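Here are some notes for a first look at this structure. Please read them with the model open.

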There are 2 protein chains.
Amino acid sequence: MEKREQLYEGKAKVIFATDNPDLLIQYFKDDATAFNGVKKGTITDKGVVNNLVAGKLMTILDAVGIPVHFVRQLNDREQLIRRVEIIPVEVVIRNVVAGSMARRLGLDEGQQLPRPILEFYYKADALDDPLVIRDHVLVFGWATEDELHWIETTCRRINDVLIAFFANIGIRLVDYKLEFGRLHGEVGKVVLADEISPDTCRLWDLTTGEKLDKDRFRRDLGGVVEAYQEVARRMGVTSKTS
Amino acid sequence: MEKREQLYEGKAKVIFATDNPDLLIQYFKDDATAFNGVKKGTITDKGVVNNLVAGKLMTILDAVGIPVHFVRQLNDREQLIRRVEIIPVEVVIRNVVAGSMARRLGLDEGQQLPRPILEFYYKADALDDPLVIRDHVLVFGWATEDELHWIETTCRRINDVLIAFFANIGIRLVDYKLEFGRLHGEVGKVVLADEISPDTCRLWDLTTGEKLDKDRFRRDLGGVVEAYQEVARRMGVTSKTS
C-alpha cells in the first residue's frame, strides 16, 4: 500500500489517496478549531492521541459487528481507512445535557437524560451546521429513509458499547458526534466514518466531573494537552515512538 | 355569558375571563411585532381581519371534525374560545420553502416541497423559540407521545383542508404556525388553539406570487393593510360594523 496525493484537508485531518482506489490514509493534525473555525489553536500531540483513540474505538465497534471505515493503524498520526462518500448529516448522541443543547433549550449542563437523544445536524460550514429534523434529511435527500433508519439503530448500538467502555475507565460519555459514509464501490453499504476522539466527544471524569475533552480548549480551561493524554492513558493507547 | 377580568396580554391578542370557567374571550389587537418583538408597529384593523379570518378557518376545520378551541364570533374583535392549557410547542407546517427554513438550510424561497414538512419549535421567548426535534419534546415532557402523534396526524388533516380552501380563492398556502392546547377540565383532550391568520401564515397569490401576509410588515414591502383586507375579502369575511 503506497501513499499518494493529498485529496482533502479539513480542520483537524488530512486525507491522502493510496494506490488502492478503495482505501485512503487519514492523517491527524494538531490543529484545533472551535465555533466553526472562529477560534484556532494547536494542541501538542492531539493528532497522535486522536489517531490512537479513534483507532481503538473503531476496532472495538468493529469487533461487535458495527461496520466502520477504519482498516488499521499505520503510525502515530495515520490510519488506513476505506473510502466513503460522507453523508452530510452529523449525528450528535447525547446522554447528558451539555453544550449547544443546554444553550438552545435553556437547560443546565450536567442533567442526566432519561434516555439518549439523537440529533441531526446538516453538514454545511456556511450555515454553521444547523440542527435539522428527520424530515429535512429525507425531503432534501441528504440520506434515504433506509439509511437514516439504519444510522439511528446503529447509533443506539454504538452508544451502548461506548458508554460501557468509557464507564469502565472512569469516564462519563456525555455526548459525541458521529459521521457516516457510503462505502465506495458497494451500493447501499453505510459505515461509521470520520473519528471518535476527545475532539468529537464530551468526556467527563466519572468521579470529579473534570472535563477531558475539547471543551478545555473551547472554554479556555487550561490543561488541554494533559486532558487528551489522560484519555489516551486510561484507554491504554500510547504512541509507538514516545 | 359575561366578560370578566383580563387574564393575559400577548403581542397580538388579549385574553379575558368570562363567568364560565371553561370559556374565555380572545380579543385581537392591531399591534404587530416581528423577530420576537424586536420590530413593532400597528396594522390598521388587523385585529378585525384576524378575528374574522381565524374564526372562519376554525369553523371550517370544526366542520370536518377537527377539535378547535373556537366557540363563536362575538364581535369584530372578539371571539369566544374554550379555555386550554397551551402546549409549549409550536408546529410550523411548510408546503413551500420560505422564511426561517430557507435561511437556516441555505435554500431559495419558493421551491414547492415534495411533501409537507412539520417542524416543532419550543415556545420560549427568552430562547427565541428554537427549532426542536421530536425527542426534545418527549424527553423534556412538553407533550406526551400520544399528544404528539395526535398533533402530527391532525396537522396533516388540517393542511389538506387549508391548502384546498386557500387554493379555491387563489391563494398558495406556503407555511403557517399552529398551536394546540389541553382542554380545561377534560383529561387527554387536545384541541387546535390560538389563531390561523395572515399573522401566522405565509399566503401568496397563486398567480402573481404577491405576498398577502405578515411578511409585508416584516420585510417593509408596503401595502400591509391592503394585503390583510384582500385575504378577508377573498374569504368573504367582512366586518359587521363597516
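1. Just past helix α4 of chain B, B:G170 has a positive phi of about 75°. The model is a predicted one, and that applies to each point below.

2. Helix α4 of chain B covers residues 145-168. Its 24 residues, at 1.5 Å a residue, should span 34 Å, and the end C-alpha atoms lie 35 Å apart, so the two values agree. The buried residues of α4(B) include B:L148, B:I151, B:I158, B:L162, B:F165 and B:F166. B:E147, B:E152 and B:N159 are also among the buried residues of this helix.

3. How many aromatic pairs does a search of the whole structure find? Over all chains, eight are found. One of them joins A:F140 and A:W142, with 5.7 Å between centres and 35° between planes, a tilted arrangement. A:F140 has 18% relative accessibility and therefore counts as buried; A:W142, at 9%, is buried as well. Ring pairs connect A:F140 and A:W142 with A:Y122 in a cluster.

4. In chain B, the rings of B:W150 and B:F180 are paired edge-to-face, because their planes stand at 85° with the centres 6.0 Å apart. This pair links distant parts of the chain: B:W150 belongs to helix α4 and B:F180 to strand β12 (residues 171-183), 30 residues apart. B:W150 is partly exposed at 28% relative accessible area, whereas B:F180 is buried at 1% relative accessibility.

5. Two lysines of chain B sit over rings. B:K3 is over the face of B:F16, 4.1 Å from the ring centre. B:K39 is over the face of B:F217, at 5.3 Å from the ring centre.

Conventions:
Residues are numbered from 1 along each chain as its sequence is written. Chains are lettered from A and ligands numbered from 1 in the order in which they are written. This is a predicted model: local features need pLDDT of at least 70, side-chain atom pairs count only at pLDDT 80 or more; totals for chains, interfaces and linings use all residues. Side-chain values use heavy atoms; hydrogens and water are left out. Helices (H or I, at least four residues) and strands (E, at least two) are DSSP runs, numbered from the N terminus. The expected span of a helix is 1.5 Å times one less than its number of residues. Buried means under 20% relative accessible area, exposed over 50%, partly exposed in between (1.4 Å probe, protein chains only). Rings of Phe, Tyr and Trp (its six-membered ring) pair if their centres lie within 6.5 Å; planes under 30 degrees apart count as stacked, over 60 as edge-to-face and the rest as tilted. A charge sits over a ring if NZ of Lys or CZ of Arg is within 6 Å of the ring centre and within 35 degrees of the ring normal.
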